[in-house]
Amino acid sequence: MSTLYLSHPAFLEHQTPLGHPERPDRLRAIERVMEAERFQTLERDQTPLGRLEDARLAHRAAYVDVITRAAPTEGLVRLDADTTMSPGSLEAALRGVGGAMMAVDEVMTGRVANAFVASRPPGHHAEHDRAMGFCLFNNAAVAARHAQRTHGAERVAIIDFDVHHGNGTQDIFWSDASVFYGSTHQMPLYPGTGERSETGVGNIVNAPLRAGDDGEVFRAAMDEVVLPALDAFGPDLVIISAGFDAHVRDPLAEIRLIESDFAWITRRLLEIAARRCGGRVVSLLEGGYDLEGLSRSVAVHVGTLMEA
């Protein structure tokens, strides 16, 4: 079976202030690297437009209404110091939701082996009822709920290797033992959550890293803390919150990963998924703000998915 690559031109229409790290050029850089010959066998499609009720799978209805009303017809609206909306932001966010759900549909029905969704804005900081950290809707959380409610998945795992802790995903599933959340991330760093002591109902596993940590430390944290817990959880689907801002080139943090580290964790997750859930993996783009580091890391991530 093939790997599915999903994206949409609407993601370029989510505009942010001049100099903001979460900018349309991120997607342009990924699209350029995806033109390489080795990616010509990818199955490609465009993300559908998700519905407001789909966003409510992970967010309170009142919060979805707030985001809908905040969407401007011109200019930019600030939701907080870091998070803005432009006239194209609501469609982009809903296509992120729609893409995450489509990826789950295609993987859970066995039409493709795995999928990667290149979307923006990212999602893992969006809580039940709060936008923050560049994020509006939590795509990974929507994907998990959709897998459970539409495809009967009893246990869904979300693995997050973004350099920033996915406080939103942790918030949404804090008391839900049917969803596992495992994360490596730099601490102290925005958003300030992600201590080892934060365990939810035993379904949350955090393995914080320190500024300057490299691939060896990252791999040890995954091998000794996150991956054994994931394996023991026995998921029916593995969702990856694939942030590439732990790359050594990234301007927003100080973890020193390189492309081979992202290939390694992708391969390890595929191995566990093959053993536990028929290889079912859905990967969703989160952070990554150096264009060269981002595009090279996405290339090895998707290339590794294609080897499954």
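The exercises below concern helix packing, a strand and a loop residue.

The model is predicted: local features need pLDDT of at least 70, side-chain atom pairs count only at pLDDT 80 or more, and totals for chains, interfaces and linings use all residues. Residues are numbered from 1 along each chain as its sequence is written, and side-chain values use heavy atoms, with hydrogens and water left out.

**Exercise 1.** Determine how helix 8 and helix 9 are arranged relative to each other.

Solution. 
Step 1. Helix 8 covers residues 259–277 and helix 9 covers residues 291–306; helices (H or I, at least four residues) and strands (E, at least two) are DSSP runs, numbered from the N terminus.
Step 2. Their axes lie 8 Å apart, at an angle of about 30°. Axes are lines fitted to C-alpha atoms, for helices over the stretch in contact, and angles run from 0 to 180 degrees between N-to-C directions.
Step 3. Helix 8 and helix 9 are therefore roughly parallel (angles under 35 degrees count as roughly parallel, over 145 as roughly antiparallel, 65 to 115 as roughly perpendicular and the rest as oblique).
Step 4. On the side of helix 8, E259, F262, A263, T266, R267 and L270 take part in the contact; helix 9 contributes R296, S297, V300, H301, T304 and L305. Contact means heavy atoms within 4.5 Å.

**Exercise 2.** Classify the arrangement of helix 1 and helix 9.

Solution. 
Step 1. The axes of helix 1 (residues 25–33) and helix 9 come within 9 Å, crossing at roughly 45°.
Step 2. This pair is therefore oblique.
Step 3. D25, R26, A29, I30 and V33 of helix 1 meet L291, L294, S295, V298 and A299 of helix 9.

**Exercise 3.** Is S119 buried or exposed?

Solution. 
Step 1. S119 lies in the loop between strand 5 and helix 5 (139–151).
Step 2. The relative accessible area of S119 is 2%, so S119 is buried.
Step 3. Not counting residues up to four places away in sequence, S119 touches F11, L27, G96, N139 and L285.

Definitions and conventions
Buried < 20%, exposed > 50% of the residue type's maximum accessible area, 1.4 Å probe, protein only.
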